[in-house]
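Let's take a walk through this model together. Have the sequence and the 3D view open, and we'll go from strand pairs to a helix and then to a loop.

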Amino acid sequence: MRDWLTSCVFEMTPPGLDLPAMGRCRTIRLGKEIIVSLQRRTLLKAIASGAGIAGAQALFPAWAQTGSRGIAPTLATLAGPDIALTVGHSPFSIGDRTGHAVTVNGTLPAPLLRLREGQRARISVTNTLDEDTSIHWHGILLPFQMDGVPGISFPGIRPSETFVYDFPVRQAGTYWYHSHSGLQEAMGHFGPLIIDPAGADPVAYDREHVIVLSDWSFVHPHEILRRLKASPGYFNQQRTTVAGLLSGEDRMSAEERRMWAQMRMDPRDISDVTGSTYTYLVNGHGPDDNWTGLFEPGERVRLRIINASAMTNFNVRIPGLAMTVVQADGENVRPVETDEFQIAIAETYDVIVSPREDRAYTIVSEAVDRSGMGLATIAPRLGMNAEIPPLRQVPNLTMRDMGMDMGGMDMGGMSMEGMDHGSMDHGAMNMRDRSLAPPTMAVGVGVQTISPMPENRLAERPLGLENEPHRVLVYTDLVALNPNTDTRPPSRTLEIHLTGNMERFMWGFDGRRFSEIVEPIRFERDERVRVTLVNDTMMQHPIHLHGHFFELVNGHAGNQPLKHTVNVAPGGRLSFDLTADAPGDWAFHCHMLMHMHSGMFNVVTIRPLDGVAS
Amino acid sequence: MKMIAAFVTPLVLAAAMPAAAQDHAAHEVQTPTPDPHAGHEATPPPQPAQINPGNGQANAADLYFDPALMARAREQLMTENGGMRTSAIIVERLEVGFDDDGETYDWHAQGWYGGDVNRFWWKSEGEGAFENEIEHAELQLLYSRAVTPYFDLQAGVRQSYLEGEDRTDLVLGVQGLAPYWFEVGAAAFVSAEGDVTARAEAEYDLRLTQKLILQPAAELNFAAQDIPDLDIGAGLTDATFGVRLRYEFSRRFAPYVGVEWTSAIGETRDIREALGADTQSTRAVIGLRALF
């Protein structure tokens, strides 16, 4: 559905329509006409409902409206030292269906906040919901009491109350913000946050677009979680079948399937929540909306890509255009050119593209389980679109994803020679060997498996992209542009296991859910610690530490990339070096919201505090 | 008023307290962070350490906000990250059967409410012929506890109506997922009269396609002693094998057709044969599987 109405003259907000300033329909001057582009169906529906054009586009902030010419520091966004945000309920529509969203200033995504490094941010947040809310500034270095996590940083914002966040802006880059209350984030409570550098930006570009990726379901997130608890494969419509075995489409032999079944593991357990209930959005627009960002051929266009999903990691590519990654998680990296990258939940990547032709390009954000994709277009003019590639085949998990590295063999399939199937059957390959767990780990019902041989997989292509014919970004490609400032070697190491039981949909750290009254993770202020994350599960876990950047130990000593979120591969392990320089209490959790909500969460405690005797 | 006051207090605190932090932060922005541990270059290489650097304030935010409000928020945070209680109702079978003697009905359903480890669990099943009085109905009320990654231990009571009589049993059972994805369950029942019986069940979902699923299922019943009231002899008393082909329009709604074979076995069969009762039946079934 990509029919467009491009010459609709529109100049004023219909009377009686009281729109917040940011939500007002943005007009685009093109030639001498003021035109607003709308998808025909949306327009007709809007007119029919009496809301008019403004009503339809008002659901999106200016930068997220289709036909965006791009954002720039001079364009209308929420900026300045004082910003007012209001959290409330809004209807949200995709196609003919309308659901209930939790929004900021009435839009999904929330307004773009544009700050400048060195300024002070004073952001008042008013809660018009009938439940508590909050805003967490994801990736922002600030005093812990401004971090926005109810129960850790502050008490939360109660209904009809206003909280003023007040913090100095000490960094630059692409970030985002979202609710940390309940599952409001999964209902639309998220938006982009861009901080311009105080000095010259080392990244040169002529135009920029913000690309906020998200997943939307008309089913309430609590109901989604309840269904997962009742039936962990509830949303998976890509499981192995007899038909797939007979036709060969499953790409898995009967013997491999027997082994997976014996272990009670699902080789297609890529994503818990899938396209069977999600519509994948770009800037709040569904795949049929053809959100379009404009460029002029020859320009260097900066795309600030944010994965604000609740439960979806995406593969991002722009067929026909190479992307130069210049920033990851808000921190500049040495430019690296690629054709595709995987962006885990809560990560951000800034890429530069240089389209030279007078044609449209499709930005494909494909769910990692290939159950759907988000689509957007960049084009010289509105109304253009490029070919949409078909969904690729769902990946099969391998033994490596179970933390069983078989001596470096290619484990694309399990039926490899040299692997003693018989001994596996008899339990020689213990999938839950307690001796491999730290002594403090609780190996109970919440621990389905313990990776027998977890591998550092940072140099490997991410899940499902192993065999793509083009270039794919890997974590070892990321090299910090600026040298790391803390050159001390770590004074100690800390190992944390990411644990879970897929059958019970239980998730935790070191075998415990946060609700089990766990010990916080303690750091001494300014100590430097090498933290190793071991993934004992077969799923990806984007792990996020609040209030800090950590340095991913990826072989680039001295220029280790700084991240606030890192995706730990199934059955894999990785390390990061942390300088615990932000005193206070901070959240540390998996950013798969349902994993977090099921217990994969803890508090990081850094002492001594300012002005408090230790 | 109270609410406003409760809120204003932390705000005032928040406005007052961060001053020190602000100065500190501003300082950090203006000058490159000096490395306070510059003299620690000779720190030994990473070693697993058991140091516990915990010190000072237990909950940092209590310094800035009303500790009572923080305690409330912490409580909620705990509940929301792993302490959620959920429920489910699974109607495994709700079906009509057709055999030589006419039409029968049958239901099997179970559900639970609770957390990940401890749950209240109920199970109900029953059957009968449309033209007769209900033959058998039972309801089990159980406490279910997750004891291994795949299995729950369940204990409680069963109230049943069988052969025209009410019976009450204590129940002790296990339920879970066996290797190869077999859903299995086994339970022992001790009746008010002291009779001991047992039941074992297994089923398997064979996915022909994503929507079309063939489910073989088996049930075996045992008795530890003769129970003359129920025409049951000691040993294996009866067996049921069924196979059902369902179409999952959604996980919540899956109609099916199938066939089920039931037979009395061993002494029980002898007893019933002597009484001239049917000892075996084969039914065609049509029904619905549902998940709520």
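Start in chain B, at B:His136: its bridge partner in β5(B) is B:Leu162. Before going on, bear in mind that this is a predicted model, where local features need pLDDT of at least 70, side-chain atom pairs count only at pLDDT 80 or more, and totals for chains, interfaces and linings use all residues. As for the names, residues are numbered from 1 along each chain as its sequence is written, while chains are lettered from A and ligands numbered from 1 in the order in which they are written.

Back to that bridge. β4(B) and strand β5 (residues 151-162) of chain B run antiparallel to each other, paired over eleven bridges; two strands pair if DSSP finds at least two bridges between them. Strands here are DSSP runs of E with at least two residues, helices are runs of H or I with at least four, and both are numbered from the N terminus. Four residues sit between β4(B) and β5(B), and the two strands form a hairpin.

Now look at the other partner of β4(B). Strand β3 (residues 118-129) of chain B pairs with strand β4 (residues 134-146) of chain B, again in the antiparallel sense and over eleven bridges.

Over to chain A, which has seven helices and 35 strands. Of its 614 residues, 59% are buried, meaning that 20 or more other C-beta atoms lie within 10 Å of a residue's own; exposed means 12 or fewer, partly exposed is in between, and C-beta atoms are placed from the backbone.

Helix α5 (residues 254-262) of chain A has A:Glu256, A:Met259 and A:Trp260 buried. These three sit on the same side of α5(A), because they cover an arc of only 100° around the axis, taken from the directions from the helix axis to the C-beta atoms. Turned away from that buried side is a face with the exposed residues A:Ala254 and A:Glu255. After α5(A) comes A:Arg264, with a positive phi near 60°.

Last stop: A:Ala480, in the loop between β24 (455-456) and β25 (492-501) of chain A. Is A:Ala480 buried or exposed? It's buried, because 22 other C-beta atoms lie within 10 Å. Leaving aside neighbours within four places in sequence, the contacts of A:Ala480 include A:Glu331, A:Val333 and A:Asn559, a contact being two C-beta atoms, placed from the backbone, within 7 Å. A:Asn559 is 79 residues from A:Ala480 in sequence, yet 4.8 Å away in space, C-alpha to C-alpha.
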